[in-house]
Amino acid sequence: MKKLLAIVLAACLLWGGTALAEESRVFVDSVGREVELPAEITKIAVSGPLAQIVVFALAPEMLVGIANAWDPSAEAYLPTEYYNLPLLGQLYGGQGELNLETLLATGAQVVVDVGEPKGSIVEDLDALQEQVGIPFVHISAYTKSMGETYRALGELLGKQEEAEALASYCEDVYARAEAIAASVEKVNLLYITGTEGLHVIAKDSYHSEVIDLLSNNLAVLEDPSSKGTGNAVDMEQILRWNPDYILFAPDSIYATVGEDPNWQTVTAIENGDYYEVPLGPYNWMGFPPSVQRLLGMMWMAKLLYPQAAGYDLYEEVAQYFRLFYHCDLTQEQYGALVANSIGK
């Protein structure tokens, strides 16, 4: 019955779109698919939380639904009208599937998928597009190439000028971080996740872009995980790596390691060089690995190399919040965000 309803709704939407739209255009997405789209797009859906963060910065007024509910911490920053948008689910990531009936009911003219292209991306999007009758577009996104991501989105949505402002910002932040990384001796570091502190973000994984750029990531493993939770390891392995610095994910064991005998022999813990990654509205270092990693980049560079990173971190973070979250970040809010995350 649900499948039949979806087919009927899709047919109605297709018929209505054909009757109302006199013009269309072809957009070539990041994986080479030629997708026919309405000439003017005003209603968009997103395929997952990564896309949600990226698209929100450029075109929040076009969103007809969200992939996941906003983190509760977002209430302090994001305009309230975005909290009541329909939940659509997500295409990838193990958090359930797209709710096709809800998607169809939103009137979305296109579904935007942003991120690292999966091996089956072409087949996946073609199949969904045929099933529901709504165009699906993939825009690849990596931290280093986020400028091109925004330019592609600007072309897709007819917001080239706004997209160029975001693209230039992303490229400037990345170039500055590259310059800092090239000017310093990188510290030996681990990024640790999980409630037991026994997962690491491995070098050369999709989630380690910022970590690898700004540090000597000691987590060299044969099979880097593609999941944001990272690779499982044991305490013996962490002791062998013996990092000089540790970054703990917000959901990890930052608060207790200083009193734990097993951790006290690790150089980073012994010297007090361990920190909790800021969270708000999302983890600044990823999870999802979206454009907010630029925040993590600025924070990490300032934390590890304060002499080389000669900027005011509050001013930089406040500028990011204005551009990407459309809000003014107060000094008090900033202080709460970095309470466990700045040099001791």
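This is a predicted model: local features need pLDDT of at least 70, side-chain atom pairs count only at pLDDT 80 or more; totals for chains, interfaces and linings use all residues.
**Entry 1: helix H4**

I began with helix H4, residues 121–132. At 1.5 Å a residue, its 12 residues should span 16 Å, and I found its end C-alpha atoms 16 Å apart, which agrees.

Next I asked which residues of H4 are buried. They are Ile121, Leu125, Leu128 and Val132. Looking down the axis of H4, I saw these buried residues fall within an arc of 65°, so they line one face of the helix. Just after H4 comes glycine 133, with a positive phi of about 75°.

**Entry 2: the sheet**

I then looked up an open sheet of three strands, which pair in parallel in the order E3-E4-E5. Strands E3 (44–46) and E5 (136–140) stand at the edges with a single partner strand each, so one side of each has no neighbour in the sheet. On average, neighbouring strands here are turned by 30° against each other, direction ignored.

How many bridges join E3 to E4? I found three, between parallel strands, with E4 covering residues 110–115. Valine 46 stands opposite valine 112 of E4.

Helix H2 (residues 49–58) lies across E3 and E4 and runs at about 100° to E4. Helix H5 (residues 146–157) packs on the sheet and touches E3, E4 and E5, its direction making about 155° with that of E5.

**Entry 3: salt bridges**

I noted 11 salt bridges in the structure. One of them brings together the side chains of arginine 33 and aspartate 126, at 2.9 Å from N to O. Arginine 33 is in the loop between E1 and E2 and aspartate 126 is in H4, so the pair ties together parts 93 residues apart in sequence. Is arginine 33 buried or exposed? At 6% relative accessibility, arginine 33 counts as buried, while aspartate 126, at 37%, counts as partly exposed.

Glutamate 178 and lysine 144 also meet in a salt bridge, at 3.7 Å from N to O. Glutamate 178 belongs to helix H6 and lysine 144 to the loop between E5 and H5, so parts 34 residues apart in sequence are tied together.

My last stop was H5. There, arginine 151 forms a salt bridge with glutamate 148, with the closest N and O atoms 2.8 Å apart. Being three residues apart in H5, the two are separated by about one helical turn. Both belong to a network of salt bridges linking Glu148, Arg151, Glu164 and Glu171.

How values were computed: Residues are numbered from 1 along each chain as its sequence is written. Side-chain values use heavy atoms; hydrogens and water are left out. Helices (H or I, at least four residues) and strands (E, at least two) are DSSP runs, numbered from the N terminus. The expected span of a helix is 1.5 Å times one less than its number of residues. Buried means under 20% relative accessible area, exposed over 50%, partly exposed in between (1.4 Å probe, protein chains only). The arc is that of the directions from the helix axis to the C-beta atoms. Two strands pair if DSSP finds at least two bridges between them. Axes are lines fitted to C-alpha atoms, for helices over the stretch in contact, and angles run from 0 to 180 degrees between N-to-C directions. Contact means heavy atoms within 4.5 Å. A salt bridge is a side-chain nitrogen of Lys or Arg within 4 Å of a carboxyl oxygen of Asp or Glu.
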